[in-house]
Amino acid sequence: IYAHILPIIGGLKLSEVRSPHIGSILAEMEKKGLKPQTRLHVYNTLSKSFKDAVEYYGYLEKNPVLKMDKPKVHKIERNFLKPGDAFKLLEDCKEHYLGPAIWLGMLAGLRPSETQALQWRSVDFEKSQILVCSSFNRSEGVIQPYPKQKDWLRVPLPKMLSNYLQSRKDKFALGFVAPSIRGAMLDYSKFYRGLKNLCLLAGVKPVTPHELRHSCTEIWFQHGATLEDIRRLLGHKSSETTKRYVHKTDDRLVK
């Protein structure tokens, strides 16, 4: 980030930074061929920093980062597995050490960071629910005591998933539900690569750990879940976010 910012405003006082400086930073990034997502990341960092300088510290009267300069990023619909392929992958990975992580993402819709941090004490087999109360922060390398949406969430535990997890609990009865091959917390990069390989072996299109969450919604929709059901399952505060998980498949349109 700083490699793009410092050459233009690094020598200026905070009060000397103007909107054209911000525009120049983003324009130079575009000239270098940097993707809109990268430019948006720099824009958001600048916007947040100057907003704090205005609102919290009183160093500035107004934010020089204008909304009109915000890079436009075209949203690409996420990859996902249709239920038939999803269940094939679930069956093929049952005995693999990544099995629990894949099953949790595919049937309970847990985020990869929530799957990594999930421990057995948060799985209630009697009440058929999972308490999502922590997540792994990859950027800081720590487990934080709350999921991405900050509020704790209770997710229903389908019978199929419950039976599978109970059969696996004897192997690692304490600690993480979806551990690494040695029982420690699962490494995301190994989860990512291992999932791709398991998809290829199962003969289904490769998906990422997060795209298991998108595949999960397809299964729940097939079994009669509504948009509001999915919103609550995924822990979204807004149904607008949930709509990104409603894939416009030909099968659904025909039905």
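1. I would start with helix H7, residues 159-169, in which Leu161, Ser162, Tyr164, Leu165 and Arg168 are buried. Viewed down the axis of H7, these buried residues fall within an arc of 165°, so they line one face of the helix. The face of H7 turned away from that buried side carries the exposed residues Lys159 and Ser167. Helix H5 (99-107) and strand E2 are included in what covers the buried residues of H7, and both of these elements come up again below. Please keep in mind throughout that this is a predicted model.

2. As for the chain as a whole, its secondary structure comes to 12 helices and five strands, and its C-alpha atoms fill a box of roughly 65 × 45 × 35 Å when this is taken along the principal axes. Of the 255 residues in the protein chain, 44% are buried. Among contacts with a separation of 6 or more, 61% are accounted for by residues 24 or more positions apart.

3. The sheet to look at is an open one of three strands, with the order E1-E2-E5 and antiparallel pairing. Its edge strands are E1 (123-124) and E5 (153-156), each of which pairs on one side only. In general, the strands of a sheet pair through backbone hydrogen bonds, either parallel or antiparallel. Here E1 and E2, the latter being residues 129-132, pair in the antiparallel sense over two bridges, and Asp124 stands opposite Gln129 in E2. The hairpin that E1 and E2 form has four residues between the strands, and Ser128 in this hairpin takes a positive phi near 55°.

4. On its other pairing, E2 meets E5 in the antiparallel sense over four bridges, and the bridge partner of Ile130 in E5 is Val155. In a regular strand the side chains alternate between the two faces of the sheet. In E2, Gln129 and Leu131 point one way while Ile130 and Val132 point the other way, and all of these residues are buried.

5. Turning to the helix packing, the axes of helix H4 (residues 83-92) and H5 come within 9 Å and cross at roughly 155°. Angles over 145 degrees count as roughly antiparallel, and H4 and H5 are therefore roughly antiparallel to each other. H4 passes H5 in a left-handed crossing. In this packing Ala86, Phe87, Leu89 and Leu90 of H4 meet Ile102, Trp103, Met106 and Leu107 of H5.

6. A further partner of H4 is helix H9 (residues 209-222), which packs with H4 at an angle of about 115°, the axes being 9 Å apart. The crossing in which H4 passes H9 is left-handed, and the contact is made by Pro83, Ala86 and Phe87 of H4 together with Glu218, Ile219 and Gln222 of H9.

How values were computed. Residues are numbered from 1 along each chain as its sequence is written. This is a predicted model: local features need pLDDT of at least 70, side-chain atom pairs count only at pLDDT 80 or more; totals for chains, interfaces and linings use all residues. Side-chain values use heavy atoms; hydrogens and water are left out. Two strands pair if DSSP finds at least two bridges between them. Buried means under 20% relative accessible area, exposed over 50%, partly exposed in between (1.4 Å probe, protein chains only). The arc is that of the directions from the helix axis to the C-beta atoms. Contact means heavy atoms within 4.5 Å. Axes are lines fitted to C-alpha atoms, for helices over the stretch in contact, and angles run from 0 to 180 degrees between N-to-C directions. Angles under 35 degrees count as roughly parallel, over 145 as roughly antiparallel, 65 to 115 as roughly perpendicular and the rest as oblique. A crossing is left-handed if the near helix is turned anticlockwise from the far one by less than a right angle, and right-handed if clockwise.
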